[in-house]
Amino acid sequence: MLGTAALTAVWVFGVWPPPIWWRDHAPRCTAMMRLHAPACPRLKWTKLEAVAPIMPRLVIVGEDWRFRTHHGVDFAEIGDALGVEAGRGVWATVRAAWRNRDRLRGASTITQQLAKNLYLSPSRNPLRKLKEAVTAWRLELALSKDRILELYLNVAEWGAGVWGVTAASEEYFGVASSQLTEQQAGALAATLPFPLSSNPVLRPARMLARRDLILARYHGADVYIPPVDDIEIPPPVIPPIDVPLIPVVIDTLMDSIKVVPDSTSVHQP
């Protein structure tokens, strides 16, 4: 038992390279890149100060609005996602947490997402989530908030084969990341939760719905940005169909038919 606990602790805390490595080094390839790409792409690394300032602001609004104040894991957001209320008791809390465990995906902080991208996989296994939380905490101890944000923007996936904010800016809008407008930055921020299923060039309805919420909150509106799986996609606008009027021709056709006497019939005088 003791040996199992020791091995579990080593696995939970063991990542390579250690988080402090990323203070002065940029990743060449991440765990998520190895999973999704046949070969690691050449990243177009961009310093945070070279990215349009609106871009990281909208990412924080859309992904993790307490980013500047938490220490890697946002326990308040987790409680909200799981439906856990204060004072409900231990067992009621555990039952609520287990019933809503799939919602944890929407409660991941930017630091947790960076930990997943650098070291882990998208699995929802509870042990993997524990390792993600521990690694996020270690990243927060080793790196500044700006460095975490810079790493995240450069290694995040923004579409199939599109890695990093500069590649996304060029791919979708034909501009450098320093030239992104508010609408463009909002679209990229809204793409992050589902880059392979809805982005500026692929089935954009879901992305656009989230973009509008992000921009509204950024400008001070008290709007709720729902978890990733709960966002509603606007129904498609179906133009009205004009059914052509078909004239009734049956009566006219019948009137035109003349009854011809049967020449073979015999008429009696």
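Which residue just after α9 takes a positive phi? In this predicted model, in which local features need pLDDT of at least 70, side-chain atom pairs count only at pLDDT 80 or more, and totals for chains, interfaces and linings use all residues, that residue is Gly174, with a phi of about 70°. Residues are numbered from 1 along each chain as its sequence is written, and side-chain values use heavy atoms, with hydrogens and water left out.

The protein chain contains 12 helices and 2 strands, assigned as DSSP runs numbered from the N terminus (helices H or I, at least four residues; strands E, at least two). Their order along the sequence is α-α-α-α-α-α-α-α-β-β-α-α-α-α. Of the 269 residues, 42% are buried, meaning under 20% relative accessible area with a 1.4 Å probe and protein chains only. The accessible surface, from the Shrake-Rupley method with a 1.4 Å probe, comes to about 16500 Å², and carbon and sulfur atoms hold 62% of that. Among contacts (heavy atoms within 4.5 Å) with a separation of 6 or more, 64% link residues 24 or more positions apart.

Helix α9 itself spans residues 165-173, where Val165, Thr166, Ala167, Ala168, Ser169 and Tyr172 are buried. The cover over these buried residues includes helices α3 (54-63), α8 (145-155) and α10 (182-191), together with strands β1 (157-159) and β2 (162-163).

Confidence is given by pLDDT, the predictor's score for each residue from 0 to 100. The chain has a mean of 81, with 71% of its residues at 70 or more.

Technical notes:
Buried means under 20% relative accessible area, exposed over 50%, partly exposed in between (1.4 Å probe, protein chains only).
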